[in-house]
Amino acid sequence: MPIILATDLFVYLLVAAGAYFVVKTRGAGQAADVLRELRKRRLTMAALTVLAIYAGVALMDSVRWRDALDSDVAAGNNGRIYSPEALSLLDRALGGLRLAQEKTYSSPLASRLFTKENALLASGEVRREYAPLKYPGIHLLGTDKVGSDVLYMAVKGVRTAIIIGAGATIIIIPFAIFFGVIAGYFGGVIDDVIQYVYTTLASIPGVLLIVAFMLLFGNRGYQGGSVAPDDVVLGVFVPNDRLMWLCLILGITSWTDLCRLIRGETLKLRELEYVQAARALGAGKLRIIYAHVVPNLMHLVVITFVLQFSSLVLAEAVLSYIGIGVGPQTGSWGNMINTARLELSRAPVVWWNLAGAFAGMFFLVLPANVFADAVRDALDPRLRNR
Amino acid sequence: MKESQTPVVEVIGLKTYFRSSSGVARAVDGVSFGIRKGSTFALVGESGCGKSVTALSIIGLIDRHSGWIEGGKVRLGNEELTSLDESTMRQVRGMRVSMIFQEPMTSLNPVICVGEQVAEGIRLHQKASKQDARVITVAMLSRVGFDEPERIYRAYPHTLSGGQRQRVMIAMAVACKPELLIADEPTTALDVTIQEGIVRLIKEMQSETSMAVLLITHNMALVYKNADEVGVMYAGKIVEAGSVKTLFSKPLHPYTIKLLRSMPVAGQRTHALDAIRGSVPDAASYPSGCRFSGRCPREMAGCAQKEPELVLRGQEHGHPVACHLYDAPFMASRSARLVASAEGVPAPLDKTHNERPVLLEVRNLKTWYPIRRGLFKRVVGHVKAVDGISLSIRKGMTLALVGESGCGKSTAGKSIIRLITPDAGEVLYMGKDLCAMKEGELRPLRRRMQMIFQDPYSSLDPRRTIMNTVGEGLEILYPEMSRRSRIAKTASVLERVGLGYDALNRYPHEFSGGQRQRIGIARALAVEPEFIVCDEAVSALDVSVQAQILNLLKSIQLDMGIAMLFITHDLGVVEYMADEVAVMYDGKIVEHGNVEEIFARPRHEYTKKLLAAVPRIDSALIESLKLPVVPAAWP
């Protein structure tokens with residue numbers, strides 16, 4: 001029985017966009033030029049590979065279904081009953097790691113637990129010692145307080161991060177481009193109104209707005225973990241997803257910066273002679289905007305996308321820390337960092353939870369930066385053929 | 001003024017190279033000259049020839065990350081400047097050598113009052129107290145021609161005009177009585193009417209302090225009137241040097257001759273201008289042999305093999321020149337065979353002056369910009385950019401609209417073709433009033449009226465191919481045209497402006513300034529207009545490229561009978577291009593009439609001032625220049 005979360009749609013959209021680009025590069029249009037340019041640098045291709053792996057993981061973690069329970073109860077219940085747990089493809093693929101539950105902390109690649117506990121020896125004597133692990137050797141990054149595998153948790157964080165980053169930017173970019181271009185190009189009253197809106201929005205402390213919003217909307221519905229029957233619509237779809245609300249509110253609070261930049265750039269572009277030349281050729285306003293203004297804004301969009309992406313992934317960590325981020329049962333780097341806060345004050349230090357989250361973020365944000373720089377250059381004909 | 005013969009500053013074999021994406025750019029490649037006390041040496045040439053880099057090398061301001069001095073010496077008195085370290089060089093800069101830059105808008109710090117900025121140099125170099133420096137500064141400001149130096153001292157740069165700012169820059173530069181003043185295009189960014197005053201001021205300062213002046217400019221007329229000696233620079237080298245008198249009356253190098261002959265002057269009206277083919281080669285890939293080969297109208301078989309030296313070729317030639325034409329052994333060898341040159345004598349353009357029907361009539365056109373103030377943006381006044389002008393333009397004729405910057409001539413041009421909506425008045429185009437039309441009604445008329453813009457860099461969308469740029473008008477105004485015929489039409493228009501078919505799929509940044517301007521012209525021509533507004537269309541170009549573009553515009557006008565409104569501040573261009581001229585001042589047209597008449601007998605005060613202010617070279621002198629004759633070819 002498949003289950004589709006609202007946030008899964010973001011991932012599908014992202015993958016579809018990627019696939020669309022790949023299909024477009026088959027032809028001879030601009031996409032092919034861009035790809036050819038990207039191919040020239042090995043670093044770019046390496047970054048692209050890493051990003052593709054992340055996207056693959058996120059996609060695998062977004063295809064999920066519930067298993068049928070074949071119990072006697074089910075048989076008597078005129079049909080089948082499904083498990084409340086909707087395991088994703090990724091969960092199933094990494095089943096070994098997921099189910100390899102230890103008792104508590106163990107350091108990376110250890111064979112015994114990190115803390116001593118009482119053990120009853122054969123002689124009847126009780127001794128405090130480091131108990132051996134149930135699954136020694138498979139915890140590459142150790143286990144956390146409740147004995148879950150850290151590597152598995154870090155991998156589960158990928159989907160959350162990509163959804164937060166991509167989901168919020170999918171909201172930010174159209175908003176920012178639309179309002180920024182309109183404000184900059186038309187000016188006058190339209191400009192005043194749009195500026196008023198975003199200045200007001202930007203003057204409300206972001207965190208407070210997010211808290212209020214999440215308390216209003218985020219506390220109902222799917223919180224991560226098992227799916228409650230009430231949340232499911234049409235048998236497969238879960239529309240009310242806490243993570244989705246988080247994306248939404250992060251998007252709503254962060255489009256103002258890009259909008260301001262775009263408005264300023266549009267003001268500049270509008271006066272340039274090539275725009276005037278287009279007007280002299282009888283080009284309408286819409287044509288000028290889509291043919292001459294927006295393409296020349298793309299560098300701003302790409303740069304802001306990456307900067308926002310990184311800061312959104314980090315914002316998720318901050319929000320989880322104050323308890324309004326993703327639900328505690330959703331694997332996320334924010335949650336990992338939040339728990340690592342106390343672990344770092346222990347002696348000896350438990351560092352691998354933080355390291356896991358750090359590595360996950362590092363290998364997403366760095367390639368994303370490298371790749372975005374390359375895309376920006378590839379989109380600019382002036383920088384091609386160098 | 002007779003001065004000692006030993007030069008104050010001597011540049012010997014200076015080479016300054018830069019790292020660039022296409023290799024090592026030899027921007028300055030072995031330049032030598034000396035400037036005597038109290039005299040002015042001018043470096044002239046097209047942009048990209050290394051004039052400014054020479055100046056920056058002398059004063060030690062070459063960006064150390066990308067460029068370096070490869071060789072040569074700069075001797076100032078007994079000091080060798082290129083080997084000084086940065087802290088010693090700082091003592092020299094401002095004190096013994098100072099510089100005036102082109103752009104007075106950006107060379108002053110906008111948040112410090114100008115007096116402080118002038119005083120800063122005085123305090124640093126003369127170890128003067130704050131009080132003394134102030135006194136000296138005020139004295140300096142009054143010497144550069146300010147009536148109220150105390151007020152100017154406290155003024156911020158944005159409250160001063162361009163000319164005033166340049167005066168402040170001069171005060172700053174000469175405050176410490178430098179031995180050498182470098183003026184890098186000091187008047188290029190200024191209005192024509194005040195250029196002369198700035199140059200005269202530099203001359204006055206020079207006669208007071210008897211400093212040496214290095215004047216860098218592309219304005220030949222300015223050099224002719226104000227310099228003592230000239231070095232003509234081409235592709236990183238000086239190709240001809242001599243006193244102004246001999247060089248202008250008897251130029252030797254084909255480059256110098258062509259450069260002078262490509263200046264638009266009245267006497268050339270009936271010919272195409274004698275433009276130089278092509279453009280300055282990239283500093284990273286000079287041609288082997290003579291660097292002017294490929295563009296030279298007197299190129300000989302050996303020119304591309306052997307590089308000529310800059311030497312004095314005997315007394316008969318008068319001054320040093322780097323050209324094989326004056327090298328007797330070379331001319332006696334088989335290398336002296338003239339390479340067949342595509343370029344002949346410029347064809348005379350015949351132009352009939354009969355009465356033609358009026359195409360466009362402007363009546364009492366007004367474009368006012370509101371000035372809004374306060375919380376509710378109340379209109380408190382208007383900038384009367386165009387304040388009631390009336391003009392008429394005849395079919396196939398050229399009307400020039402001249403005036404200084406800020407007089408509203410660009411606004412007028414844009415108002416006429418409705419890029420700006422005028423506030424009052426009529427623009428009658430074949431009887432129809434454009435001002436009363438809505439945007440939609442105007443669209444069919446866009447086929448008839450086009451515009452060519454000033455800046456070849458911002459007038460083309462960097463992200464669209466030439467095909468898309470030039471074809472855009474066809475796409476919009478001739479939507480019924482098929483894609484195939486649109487491409488064919490675009491290619492033929494590009495051909496007409498002198499660009500090949502292969503330009504179609506390239507992007508604007510791959511072209512030089514002159515080529516980009518051709519693309520801009522092609523864009524306007526593609527929709528087959530009857531009327532074109534050229535808004536300073538050649539002002540941003542070098543004189544040689546300017547000549548190419550003017551020739552193109554003139555021949556297009558003859559072929560297609562296009563009427564032009566030529567907006568410019570360059571009177572030479574007006575004399576050459578226009579049939580009629582309208583002089584604009586402060587939003588109004590003060591004088592309107594036939595070109596010959598207005599230039600010969602200006603009536604309005606402003607026109608007289610304008611004509612008097614602009615340095616011009618005698619038209620007869622330019623016309624008398626002839627390229628040297630290459631002796632009969634070898635068998």
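Author: Let's begin with a term: accessible areas come from the Shrake-Rupley method with a 1.4 Å probe, and for residues only the protein chains shown count as cover. By that method chain A exposes about 18900 Å², with carbon and sulfur atoms supplying 66% of it. Bear in mind that this is a predicted model, where local features need pLDDT of at least 70 and side-chain atom pairs count only at pLDDT 80 or more, while totals for chains, interfaces and linings use all residues. Residues are numbered from 1 along each chain as its sequence is written, chains are lettered from A and ligands numbered from 1 in the order in which they are written, and side-chain values use heavy atoms, leaving out hydrogens and water.

Of its 386 residues, 47% are buried (buried is under 20% relative accessible area, exposed over 50%, partly exposed in between, with a 1.4 Å probe and protein chains only).

Now for the meeting place. Here 24 residues of chain A are in contact with 28 residues of chain B, contact being heavy atoms within 4.5 Å. Between them the two chains bury about 2500 Å², and 50% of that is on carbon and sulfur atoms. Buried area here is the accessible area (1.4 Å probe) that two parts lose on being put together, summed over both.

What about polar links? There are 15 residue pairs in polar contact between chain A and chain B, both residues at pLDDT 80 or more. Such a contact is a pair of N or O atoms within 3.5 Å; within protein, one must be able to donate a hydrogen and the other to accept it, and residues adjacent in sequence count only if both atoms are side-chain atoms. On the chain A side, α11 (273-280) and α12 (285-293) each supply at least two of the residues that touch chain B, and α11(A) gives the most, with 7 residues.

Let's zoom in on Arg287(A), which sits in helix α12. Its side chain meets that of Glu475(B) in a salt bridge, 3.5 Å from N to O. Arg287(A) counts as buried because its relative accessibility is 14%.

Definitions and conventions:
Salt bridge = Lys/Arg side-chain N within 4 Å of Asp/Glu carboxyl O. Helix = DSSP H or I, 4+ residues; strand = E, 2+ residues; numbered from the N terminus.
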